[in-house]
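Hello,

Here is the structure I promised to pass on to you. Please have a look at it first, and then read my notes below.

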Amino acid sequence: MQVQVSLKMELAASASLSQMEQQIQEAGQQAMREALKQAIRQWEELQVSCPHCGEKQRRLEGTMRRVIATVFGRVQVQRRRFRCQACQRRWCPANELFLSWQRARGPIAWRAAC
Ligand SMILES: [Zn+2]
């Protein structure tokens with residue numbers, strides 16, 4: 001997986017060093033949140049098999065929002081939801097990712113079940 005984000009910000013010519021530091025940190029955290037979203041999306045794309053029957057034929061059925069609290073702020077993730085073309089069950093691949101993360105980190109903000 002390869003994730004790429006870019007940073008671009010407007011800094012006032014009159015800004016002090018601490019103001020620059022503050023603005024750059026905020027922009028950096030925004031880029032980190034974007035990188036995490038991209039990483040999750042790419043990870044989702046690699047999970048092709050239905051967790052119920054193993055079939056690889058699936059159809060995208062929209063997205064489910066989840067807000068997670070990370071070390072670089074709250075990230076709103078649009079989890080992809082698929083329907084298996086063999087057993088017709090639905091699943092969000094990213095849930096598996098969130099579950100192991102939650103186990104490692106303790107309670108986090110959960111929004112909307114899949
Ligand atoms: Zn299935």
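Leucine 11 counts as exposed because it has 11 C-beta neighbours inside 10 Å; the cut-offs are 12 or fewer other C-beta atoms within 10 Å for exposed, 20 or more for buried, and partly exposed in between, with C-beta atoms placed from the backbone. Before you go further, please note that this is a predicted model, where local features need pLDDT of at least 70, side-chain atom pairs count only at pLDDT 80 or more, and totals for chains, interfaces and linings use all residues. Residues are numbered from 1 along each chain as its sequence is written.

Leucine 11 sits in the segment before α1 (17-46). Helices (H or I, at least four residues) and strands (E, at least two) are DSSP runs, numbered from the N terminus. Apart from neighbours within four places in sequence, leucine 11 is in contact with Met20 and Gln23, contact being C-beta atoms, placed from the backbone, within 7 Å. Glutamine 23 lies twelve residues away along the chain, and its C-alpha atom is 7.6 Å from that of leucine 11.

As for the protein overall, there are two helices and three strands, in the order α-β-β-β-α along the sequence. The C-alpha trace spans about 60 × 30 × 20 Å along its principal axes. Of the 114 residues, 14% count as buried. Among contacts between residues at least 6 apart in sequence, 60% join residues at least 24 apart.

Happy exploring!

Note on methods: Two residues are in contact if their C-beta atoms, placed from the backbone, lie within 7 Å.
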